[in-house]
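Please keep the structure open beside you as you read.

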Amino acid sequence: MDHPSQGIVPPQPPVIEPGYTFATVTDKISSIVLTRPVSNGWLIGFGIAFLIVMILLYAVGYLFVRGVGIWGVNIPIGWGFAIVNFVWWIGIGHAGTLISAILLLLRQAWRNSINRFAEAMTIFAVACAGMFPLLHLGRPWLFYWLFPYPNTMQYWPQFRSPLVWDVFAVSTYATTSLLFWFVGLIPDLATLRDRAESRVAQIVYGILAMGWRGSARHWSRYETAYLLLAGLATPLVLSVHTVVSFDFAIGIVPGWHTTIFPPYFVAGAIYSGFAMVLILAIPIRKFYGLEDFITERHLENSAKVMLATGLIVAYGYAIEAFMGWYSGNRYDSFLLWNRLHGPYHAWYWALLSANIFFPQILWIRKLRTNPLALFLISGVILTGMWLERFIIVVVSLHRDFLNSSWGMYYPTRWDWATFIGTLGFFTACMFLFLRLLPGISIFEMRTLLPEAEVKSP
Amino acid sequence: MQIFHRSTNTISRATLFGAVFLISFVLWACIEIQRSPYVTYAKVVRPQPVPFSHQHHVAGLGIDCRYCHTSVEASSFAGIPPTKTCMNCHSQIWTGAWLLEPVRESFRSGKSLVWTRVNDLPDFVYFDHSIHINKGVGCNTCHGPVDRMPLMYNYASLQMEWCLDCHRDPAKNLRPRDQVFNMRYEPPSTLKPLTLDGKQYTDQLSLGVDLVKKYNLRTVADITSCSTCHR
Amino acid sequence: MKENGKSSSQGACSGKKNKLMFETARQRLAETTGPEYWRSLEELAGSAQFREMIRGEFPQGASEWLDSVSRRGFLRLMGASLAMAGMTACTKQPLEPIVPYVRQPEDVVPGRPLFYATAFSLGGYASPVLVESHLYRPTKIEGNDKHPASLGGTDVFAQASILGLYDPDRSQTHLYLNQVRTWGNFVEAIRGPLHSQKAVEGSGIRILTRTVSSPSLADQLARMLELYPQAKWHVYEPINRDNVYAGAQLAFGQPVDTQYRLENADVIVSLDADFLYGGFPGITRYARDFAKRRDPDGGEMSRLYALESTPSSTGAKADHRVPMRASEIEGFARALAAALGFNPGAGTLPHEPEVRLVGAIARDLEAHRSRTVVIPGDHQSPVVHALAHAINQALGNVGNTVIYTDPVNARPVNQTASLRELVADMRAGKVDMLLILGGNPAYDAPADLGFADALKNTSVPFRLHLGLYQDETAELCQWHVSETHFLEAWGDARAYDGTVTIQQPLIAPLYDSKSAYELMALLAGQSEASGYEIVRGYWQKQHSGADFDQFWAKALHDGWVEGTTFPARQVAARPAGLPAPEDSGQGIEINFRRDPSVYDGCFANNGWLQELPRPLTKMTWDNPVLIAPKMAERLGLASEDMIALELNGNTRVAPVWIQAGHPDNAVTVFLGYGRRRAGRVGTASGFDFYPLRASGSPWFSTGLKIQKTGERYLLATTQGYQTMETPNGDTRPLVRSRSLEEYHKEPDFAQEGKPPASLTLYPGYQAQYEKEPYEWGMAIDLNACVGCNNCILACQSENNIPVVGKEQCNKGRHMHWLRVDVYYQGDRDHPQAYFQPVPCMQCENAPCELVCPVGATVHSTEGLNDMVYNRCVGTRYCSNNCPYKVRRFNFLLFQDWETPQYKMMRNPDVTVRSRGVMEKCTYCVQRISHHRIDAEREKRRIGDLELQTACQQSCPAGAITFGNINDPNSQVSRLKAKSRNYGLLEDLNTRPRTTYLAEIRNPNSELES
């Protein structure tokens, strides 16, 4: 297939450094999984992550025993960290799907070297996100009442409620992403199967490869399936976070009830998603010496995407503020005041600087291509996006309509434990993934090689 | 070099295919178990201190329901007869029967008989006998052929779907008030028509529809409001 | 009765949520024998960690109410797995027993409650009440609507008393030196000493009671004194009316009780009297009469001037509220009397602004001669009372708005003097037998009398304490006899108007307890006499006639005894002048007041009262020192700062709370906290100020020294933000209020911001209900509401609402379905205060319903916003989306599922909610269903006001009206038709079914300028 790196103005760095052949690419990537010994760095990193997962388990166990009262939630602030984290994680997931699906359809070949772990990121992020709606229930053991199934009460879920839409949106999203990721893996699993030394590995990879022989028929079927899935996944990138944003937009709470939410949430999602991609990509390419595959070009492209989406988010804030003033609605204008001067104003200013002011330095090309700088900026943006959700959920709720019912939200150690726990869970999954599966799509990388072009008709 | 036997192809296909059926079977099983007597106790006889036979007392001796269940017309709770009620007769007849010893013992010692609840609704459900009786719902509509129960069991599943089945269409179960306590009541049919207020009915539906008006039942929307049963 | 009590509670098992095996309950209680039980309690109370918990983040109460949650939590988990196994709501139910009577009493129909009339007494004054009884288990207290002293209303203390009956910490056994004893042992033990007293005519016997208004008990005591001529009967109660009677002495040379007829009063001047809050004799009647005259649409609206030494709900309702140090009130009263033209001896003239005030009030009083009333506070000096009497007489109020009667108190002696005498005798070794019948003097006696010390160190050979709790006093007596709760015992008592109510028991004593009547009978030699025989016997003597049985039956049925109401008395004022005023000194003044919730400490172990937000501070579980904003600034104090208060040598450390409208240069402390042996709820919560209280100046004294300690203390209020003005300078029209003049100019000022009915494309909201026979709605008259908090407790009692503890309150997780918001307006030193009761608004267009994913909150056909607990999964989305924040969530397992007594207390008609479930006001849907079914059976409609919600039924002011708004003639429809009627946050188009009648004040135009 033809690919866009030709005919693009020279100064752009290539998506893969010259001098590689099919064989070398395959070697380089598969060796990470098959031949390289487990490095101490990996062991330590995974060990720490694993410990944090244990903390998560403890926090969740205690939660089930005592009830959501162990968190800082109260009346009026009925939703706290749980929903903040949920939205944050779901958002992060989006970049993966965007890269693998939308960029595929747009024939952005450069995505080939990052889509694999971006998809993995999506799946793990969605897994983290998926926990929270369950955990935050008062009676989590009755979660299944949100599904429409024939029951002895002859009572359906209430389809007008955005939370029910969430159930469908998120579960669809999780399933599709998983399928997409797995299908994408099959050819590489086969490669691993064939190159694996140990019997066990051969069998495991063999089973997963589902008898892939790389015959022409396989390939053509594969291409079709992959395209179809990409087609399926594409609308989800937009729909899922739109639905999530409805959780708020449907409510009448000042700060929630606004029509700008869907686009602004999607933009925010991709914003944070790409930040997370960079946070992962930069160390990976460093430690596994993949600078040749994940080149400055990738970093720069991601940075550009962040810059763009960041500006959309900024626009969102601007409109919110403008409407607060322009609508003349006493509750909206107070909301604006409260964000700027209220008890949580420090958080709001932090959010503004982290999401709007600070990232503007990405206009500087030098920084866009400097891994360290990008790593730091991404970190800041991720924090900022988390703060955004905190502001939306908590600050909107803590002072709504009735002055008598105003309150404050103080997260407890259990809130933190659960949040950090999911971070640990996510990291642990990433570590395992890098160890057991090709972090970069081998066969798709091959298509980036000059050799590949010969085949193109 | 081939690591898998060629049969693997078939096996893997079979697994994928089978999984679908397995999962749907499990779900189906869960739902069925929920409706089974194992959970609902429907038609399951429960242990009682005295093997009291409704069949004997109702069909055999023709004692009216209200002789024992005194508050059924006045209160939400139909009432379980005090030992005194049993002794009204059994101080005269079967005075020596060993089966009745617990009853006599209770009467002597003043310690209550401890029966096992048969028709037991969850605590968050508030059922009122008096209003059902008053609107023409027969005893055996819910409690079944009590007069043919040598040992008492609950006739219906008592699950919400069962309640709703009637609350969504009361007409199909209503009967004239004077028939409420009639255990042998049969809905009108072409063979046994029923005359009420000078009008002859040959089928339950037309009768029910008229009774709904006659006893001015609240609308279906009313009696399916949550707070009708849950407070 | 005992038989009933027993068998009934067996029958109770047929009820819904009360499957309590009474016998097993009894056993479990019996098993915890006195000493062991005590030890465990003391561990709780005494241990260091426990005290830390109180200071730290897990305050007392929280620990109590969250105890053993984790264990129950595990059970929940198992429940969870079960539920998951079977994919539906109802998991397999366990087999449950059902236990009929052996012989069923005739009057009881299982499933239908019965109501009995009886009386709850506080400070000697009876509140006539009706008690709802389910199979002989009292579950709810209502006012006796036929009784002139109640008219259906109750106060918070009466409402909460039912929890006292079932308090597991109540004294359950008789004790001798902390060893369990039977009543028989006691009878044996007391025989000897009594016998030896016979010889000396009982010169060694001292009986100490609280204020006694019970005719039969007074009679018993009198006969006791005949039997032992040398014996002495002492009376002491920390919240006493000594000054009232002293004032009457000054004015008339004899003690009298004063009643007020507020329905006749055009102008009311309160000299530091909080006559609209529970505890003031006659409050339920006064609140009703006061409210009657506050209707701007009917008749002349009365005007209330309130001079206050500490902000109170009375002041909040006043048209002119003047903060004034308690010691300056006397000067003001003298000035007022002078302005009205008679010289009460030279008065210390009040400050400049008050001179103007005195003039204005005097003119206003003159203008309404004989239709005015001056009400002095119980704690004000005798002189103030005398002046009030003088002024009332001079204005010709006596007979119209003021009525004098014999004192309800059977022994109107000076109680402080009485106690002082007793202590003197004890120290002098004259006392051989000290019988303390009720009360807790070891804790609440004035510090300088050193009663506790005398009890501990003087050798009174025989010390007996009869009480509901094994408290501080019981600790110092060899003998403790556990006392019956008023719902367990026969007795009688007088209401504020003298009417006697026979106090009939609702249930056989839960434990082996005795009443004061039975104890007195024993002392008088008739050891076997039951309370029933005693009381009935006494009234037989009073009403000896063939028709006694009818007389008795009627008395029990109606709740009062015919012809016992005191007649008005003609008393002539003595010409003798008043003592010359002495200068109170300019030091910082400290006010001692009964706590709005725990009274003098006797309700310290009552969780409902502990958690009841105080009317103005909204404080729960504590009694901080109230201080004026100005003063706080001067002393550099912030709320929650700890300060050391030093008064003539004694020092107490307590936190500060800045209270807008508190007079400057004075602080208020509330008595009744800091108990050492109250029980699991009350022990060591709050701070004890009795040690600062001197017998000479029990109510206020100057010369207080305040020292900031630098520590902080966590206080839990349920309303953090108390003004309608938002920090960005906007003022939200939550409580809408105008002056009477403005209201006449602009009658529909309250309609501002009301959305037009045509705002929706859907069929009109009313349209869909027109076919319905009923459409429920509520109107709350903010003018009538006096912020007495009674509705909150009525609701808590009716709807099985749990107590959550200080920690949870502080987090904003209190569970009250109905709250009373208070808002301040104007400057912090002279603010206007407004009360606003907020139940669920039952919106037509309810935001909560739309967002619930499982449809656990839905609209009923009669317009109720149903809350289905058993369907709720606890997403809390509904609460987030509720603009009124009236929804309450069980964040943890708040409900106590284990204590057997509480199981007996619960209302069987209301689901007991568990962990993880949302709950809220239901308009008492259980009562609606109950009445609807009855009405349908009788083929009629529910009559107007036949069906009342719990909050409405016992509201003393009649501020809450609930009913069918489909019926244009129903009272609620008529109220909603008024121009004052408005919906809270109506501009959100939620279409609330609960609406408010805007508040109208009636200020004196002369003072407005």
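A:Tyr222 is buried in this predicted model, with a relative accessible area of 5%. The cut-off for calling a residue buried is under 20%, so the value of 5% places A:Tyr222 in that class. A:Trp219, at a relative accessible area of 28%, is partly exposed. You will find both residues in helix H7 of chain A, which spans residues 216-249. Within that helix, A:Trp219 and A:Tyr222 are 3 residues apart, about one turn.

How does one describe two such rings? The distance of the centres and the angle of the planes describe a pair of aromatic rings. Over all chains, the structure holds 80 aromatic pairs. Here are two of them, with their values.

| Aromatic pair | Centre to centre | Angle between the planes | Arrangement |
|---|---|---|---|
| A:Trp219 and A:Tyr222 | 5.7 Å | 85° | edge-to-face |
| C:Tyr982 and C:Tyr996 | 6.1 Å | 35° | tilted |

C:Tyr982 and C:Tyr996 are both buried.

Chain A also has an aromatic cluster, whose members include A:Phe81, A:Trp88, A:Trp89, A:Tyr344 and A:Trp347. Also among them are A:Trp386, A:Phe390 and A:Tyr409.

Next come charged side chains over rings. C:Arg871 sits over the face of A:Trp145, at 4.9 Å from the ring centre. For C:Arg913, the ring is that of C:Tyr869, and C:Arg913 lies over its face at 5.3 Å from the ring centre.

Now turn to strand E17 of chain C, residues 479-482. Are its faces covered or open? Both are covered. C:Trp479 and C:Val481 are buried on one side, while C:His480 and C:Ser482 are buried on the other. In general, side chains alternate between the two faces of the sheet in a regular strand.

Which strands pair with E17(C)? One of its partners is strand E5 (residues 174-176) of chain C, which pairs with E17(C) in the antiparallel sense over 2 bridges. There, C:Leu175 stands opposite C:His480. Another is strand E16 (residues 462-467) of chain C, which pairs with E17(C) in the parallel sense over 4 bridges. In this pairing, C:Gly467 has C:Ser482 as its bridge partner.

Conventions
Residues are numbered from 1 along each chain as its sequence is written. Chains are lettered from A and ligands numbered from 1 in the order in which they are written. This is a predicted model: local features need pLDDT of at least 70, side-chain atom pairs count only at pLDDT 80 or more; totals for chains, interfaces and linings use all residues. Side-chain values use heavy atoms; hydrogens and water are left out. Buried means under 20% relative accessible area, exposed over 50%, partly exposed in between (1.4 Å probe, protein chains only). Two strands pair if DSSP finds at least two bridges between them. Rings of Phe, Tyr and Trp (its six-membered ring) pair if their centres lie within 6.5 Å; planes under 30 degrees apart count as stacked, over 60 as edge-to-face and the rest as tilted. A charge sits over a ring if NZ of Lys or CZ of Arg is within 6 Å of the ring centre and within 35 degrees of the ring normal.
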